[in-house]
Amino acid sequence: MFKTFGIRWKEMNSFTYKRAANEAEAIREVADNRSAKFLAGGTNLIDLMKMNVQQPSELVDINRLALKKIESIPTGLRIGALATNSEVANNKLVQEGFPVLSEALLAGASPQLRNMATVGGNLLQRTRCYYFMDTAFPCNKRVPGSGCPAIPGFNRIHAILGASEHCIATHPSDMCVALAALDAVIRVEGPKGARSIAITDFHRLPGDTPEIDTNLQPDELIVSVDLPSSAFAKRSGYLKIRDRAQYAFALVSVAAALDIKNGRIEAARIALGGVAHKPWRSTEAEKVLTGAQSNAQTFKAAAEAALRGAVPQNHNAFKVELAKRAIVRILNDVSGRRVGGAA
Amino acid sequence: MQTIGRPVPRKEGRDKVTGQARYVDDLIFPEMLYGATVRSAVARGRIKKISFEGNIPWDEFTIVTAKDIPGENCVALILLDQPYLADEFINHPEEPILLLAHPDKHLLEEARRNVQLEIEPLPAIFTLEDSLNRKEIIWGEDNLFKSYKVEKGNVDEVWQSADFIIEGEYETGAQEQLYIENNGVIAIASPEDGVTVWGSMQCPYYVHKALLKLFGLPEDKIRVVQVETGGGFGGKEEYPSMIAGHAALLSWKSGRPVKIVYDRAEDMASTTKRHPSWTKHRTAVSRDGKLLGMEIDFVIDGGAYATLSAVVLSRGTIHAAGPYSCPNVRIKSRAVATNAPPHGEERFAESNKTSRQKKGMGFASFMHGAGFTGSGEKYLESVVGAEATADGRVRILAASTEIGQGTNTIFAQIAAEALRLDYDSIEVAKPDTGAVPNSGPTVASRTCMIVGKLVESAVLGLKQTLSGSGLLKENYTQEDFRQACRSYIEQHGALKSYSKYKAPPGINWDDEKYEGDAYGAYAWAVYVAEVTIDTVTYEARVDDFVAVQEVGKVIHPILAAGQIEGGVAQAIGYTLFENVVWKDGRMINNQMTNYIIPTAADIPPIRVFFEENPYAYGPAGAKGIGELPMDGAAPAILNAIENATGASINHIPLMPESLIEALGGESG
Ligand SMILES: Cc1cc2nc3c(=O)[nH]c(=O)nc-3n(C[C@H](O)[C@H](O)[C@H](O)COP(=O)(O)OP(=O)(O)OC[C@H]3O[C@@H](n4cnc5c(N)ncnc54)[C@H](O)[C@@H]3O)c2cc1C
Ligand code: SF4
């Protein structure tokens with residue numbers, strides 16, 4: 001019948017801390033202890049621990065592992081999991097070959113946070129749903145089966161695509177939206193060996209297991225993100241719409257990439273942020289764009305296609321219109337950019 | 001040496017910059033307990049049962065209910081309608097029901113979660129409309145806290161002869177003040193020694209008055225001390241009386257000092273906010289641009305209890321017609337009850353509708369009365385004291401609080417200037433009801449003009465005493481003054497002087513007719529906003545802002561400009577960002593992650609200009625400034641938006657979703 005207030009800075013939960021010397025050791029530590037967690041920049045994990053949302057019994061610090069490199073590989077670019085958001089955003093190869101990634105990163109958080117936050121941590125950051133972050137409320141994602149107060153509650157920042165009756169949270173990352181438009185591949189290593197996961201298979205929709213955010217196993221370590229070179233990656237950009245100019249998550253955001261030849265769109269990528277439980281790649285919009293003339297009419301049709309299945313909540317119907325307009329705006333912008341001398 | 005008009009260092013600036021300043025949460029008393037408040041989750045209902053559950057050592061806790069109150073269970077302010085602790089009936093969510101104290105903060109929190117309240121819900125109302133239509137009667141006989149009617153000329157006759165009639169309805173939302181320091185107090189209370197409270201607050205004597213009733217003690221048994229306070233913006237006017245009472249009740253029962261400090265979420269959900277409002281304007285204009293008549297209906301949502309709604313309403317009533325000359329006016333205003341936590345004062349803002357008739361982009365002209373409205377100052381009878389020490393230092397005794405806005409600094413400047421002494425030789429005593437007289441609350445843009453004037457006359461009283469006893473000649477130096485003080489104190493004992501408020505000549509107010517000079521003086525201003533509206537993404541940006549005002553003589557140019565810049569920034573938040581979301585009377589976005597306030601990146605350059613026109617009855621010619629900037633920014637911005645887009649927007653905050661609606665037809 002009564003409510004306690006917001007974030008309670010409770011007595012600190014105790015945990016052990018271990019700095020891993022190499023990847024194998026880090027993986028072993030986490031595989032041996034079901035409630036251990038990798039620690040990268042700590043900008044998300046430590047906050048959630050302070051708010052008692054997560055209570056790992058062990059932190060395995062991976063910051064000393066040699067996973068910071070950003071390098072060209074025959075198929076494109078390889079970004080180490082520990083490269084910071086600032087390093088990636090300001091990297092020449094990224095800015096030239098994959099501008100959408102740089103723009104998305106710079107639209108997020110603050111310079112201080114970007115200097116700490118890593119690529120791996122960004123991929124795994126948790127939702128900003130206020131009910132998830134406040135232990136005074138039930139939440140299916142935090143305590144499976146306890147209910148979702150966001151559905152009847154204030155849900156302005158929640159999903160309009162791909163939600164379920166168990167959870168309507170959104171994935172808050174800007175970076176991941178860019179990765180979705182770049183066909184990124186996440187390389188991971190675990191006790192059973194290495195594997196690669198396509199970005200679109202990495203995050204999950206909530207379904208009836210909203211407590212599971214991604215298809216990564218708890219003991220798998222992200223080692224790098226590979227970006228394949230492509231013509232569309234060079235002509236790419238990011239638009240983020242938020243409630244204030246700085247320090248706010250996206251109401252909606254769009255990553256767009258186009259390959260245009262003689263006014264015709266040869267290939268296109270569209271991904272939306274702030275609208276779903278995962279970065280929302282819109283193959284529907286891409287279908288409309290591919291093969292069409294690069295003009296305002298095409299862009300509008302693509303925007304309509306992208307939002308066709310949208311189901312708004314009580315407080316966020318505006319996001320549907322906002323997302324459409326953001327798609328048109330960024331396509332206009334990207335199609336008009338000069339890329340390697342040709343517009 | 002001249003100090004007025006110069007940017008002297010702030011009196012408490014060094015302590016704040018070096019971290020020496022001590023706020024409530026920095027203070028630890030021996031044997032101190034922590035206090036927590038158990039609140040209602042329902043908006044309206046009847047308490048059936050309270051039970052203490054869980055694995056909690058309940059016998060270690062001090063538990064206070066309404067039954068433990070030694071005096072009267074009401075927060076004495078204007079009306080005596082708000083209880084300290086709900087006894088049987090609940091009238092709003094977050095209403096305090098029970099108090100707990102324990103030495104262990106963490107256990108206290110566990111315990112708070114384990115108090116089970118069984119409440120039988122009663123029908124509640126949450127909108128102005130439902131309250132006005134009396135869907136339920138939740139307060140008095142008609143849900144009406146207060147109403148005013150002001151008439152001039154004959155409004156009913158102007159409509160026929162008018163060339164144009166302009167009509168509109170306007171809505172403003174609640175706004176959380178978001179002072180940096182949350183509310184907090186420490187209390188020590190016992191039947192033998194009475195009650196002493198240290199706290200973050202704007203108005204120590206409001207707290208004093210409330211505690212007198214709560215404990216039924218004589219005046220000298222209650223002492224209220226303001227400690228360093230991290231901002232107020234009107235949000236620490238009435239609610240500190242509530243928290244102080246709670247901590248004191250826990251201390252009274254436990255026999256130990258008790259500290260209550262709210263966290264941000266509790267502070268945002270349960271303390272007062274700016275009143276939401278609805279206004280209807282009908283204005284008759286002639287072809288040559290003259291105002292012929294105005295009819296204004298103005299309603300504010302006061303929440304569940306009266307608190308200061310009547311004061312806010314009277315100010316709104318008087319400011320409703322704006323600074324314009326108009327022969328025929330009718331203003332009707334009402335403050336009504338809903339089952340939401342009571343709304344309190346916040347730097348007042350009143351959209352200036354008549355500016356819609358002006359051409360030009362984003363322009364608002366307006367005024368703000370300084371001091372209490374109507375006969376307010378007369379009834380307050382504020383007093384300020386001054387005391388000189390044997391080493392020639394002068395100490396000002398006033399209950400006006402420094403809450404970051406510069407009270408201490410300007411008081412010292414006014415005193416130094418009046419006595420022609422060094423700024424450094426003036427001290428300002430800590431507001432402590434046991435040691436300083438009641439100079440009234442720190443609200444209503446009154447501190448500089450009204451209290452500052454009392455400071456000036458109190459210190460001049462010291463000089464008069466010294467010259468009257470032949471110890472001080474006409475032209476004196478700092479050293480002469482010091483020697484005069486020393487001799488006086490040796491011969492006569494303490495050297496003190498008090499000064500009490502008197503209305504300036506020619507200022508009269510009729511309470512019955514609600515007519516006359518509502519304020520001794522007004523500050524005047526013209527604000528211009530330049531905005532960019534993105535018609536594709538609905539983002540509204542204020543690109544440039546010019547604030548020109550006449551506030552009499554400017555005492556401290558940096559502090560004065562800071563007041564304007566801060567007020568404009570706050571008003572930009574009020575207009576474009578800050579959205580209090582209510583559900584069944586509760587604020588549900590009571591976290592800083594989802595109650596969006598502007599950051600530095602959202603605030604344009606604010607270009608501040610002062611036109612100095614000294615006011616004869618203000619200290620060194622100064623008037624009030626505090627609330628002024630809140631009044632003009634919203635209308636200037638909305639006018640700029642209208643100018644930019646053609647969309648006339650009549651409600652704030654203006655979120656992207658409202659712009660979508662307003663600009664719906666436009667293409668991307
Ligand atoms: C105030 C604030 C504002 C923000 N604003 C934005 C914004 O606007 N846009 C945005 O996109 N983000 C924003 N963020 C989120 C920020 O981007 C993330 O916190 C950050 O990217 C997380 O990275 P990290 O290295 O600090 O992760 P950590 O906090 O260290 O880790 C996060 C999670 O990832 C796991 N992990 C980390 N690295 C690996 C790895 N290599 N392999 C396997 N697991 C790993 C950890 O175990 C943990 O579970 C904001 C954050 C804050 C605090
Ligand atoms: S939306 Fe998801 S994260 Fe938010 S409260 Fe519901 S279940 Fe929890």
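**Close-up views of a predicted model**

**View 1. Helices α13(B) and α14(B) meet along a set of listed residues.** From α13(B), the residues Q563(B), I564(B), G567(B), V568(B), Q570(B), A571(B), I572(B), Y574(B), T575(B) and L576(B) meet L628(B), P629(B), M630(B), A633(B), A634(B), I637(B) and L638(B) of α14(B). Contact here requires that the C-beta atoms of two residues, placed from the backbone, lie within 7 Å. This contact is made up of 13 nonpolar, four polar and no charged residues. Ala, Val, Leu, Ile, Met, Phe, Trp, Tyr, Cys and Pro count as nonpolar, Asp, Glu, Lys and Arg as charged, and the others, Gly among them, as polar. This is a predicted model, in which local features need pLDDT of at least 70 and side-chain atom pairs count only at pLDDT 80 or more, while totals for chains, interfaces and linings use all residues. Residues are numbered from 1 along each chain as its sequence is written, and chains are lettered from A and ligands numbered from 1 in the order in which they are written.

**View 2. The axes of α13 (residues 557–576) and α14 (residues 628–645) of chain B cross at roughly 45°.** They come within 8 Å; the axes are lines fitted to C-alpha atoms over the stretch in contact, and angles run from 0 to 180 degrees between N-to-C directions. The angle makes α13(B) oblique to α14(B), a word for what is left after roughly parallel (under 35 degrees), roughly antiparallel (over 145) and roughly perpendicular (65 to 115). Helices (H or I, at least four residues) and strands (E, at least two) are DSSP runs, numbered from the N terminus.

**View 3. Chain B touches chain A.** The contact joins 40 residues of chain B to 28 residues of chain A. On the chain B side, two or more residues come from each of β1 (33–39), α2 (105–113), β6 (115–121), α7 (264–270) and α15 (656–662). The largest share, five residues, belongs to β6(B). By class, this side of chain B has 17 nonpolar, eleven polar and twelve charged residues.

**View 4. Ligand 1 is surrounded by 30 residues.** A residue is counted if its C-beta atom, placed from the backbone, lies within 6 Å of the molecule. The closest are G41(A), G108(A), G120(A), G121(A) and N122(A). In chain A, β2 (36–39), α2 (45–50), α6 (111–116), α7 (119–123) and β8 (221–228) each supply at least two residues of the shell. The shell holds 16 nonpolar, eleven polar and three charged residues.
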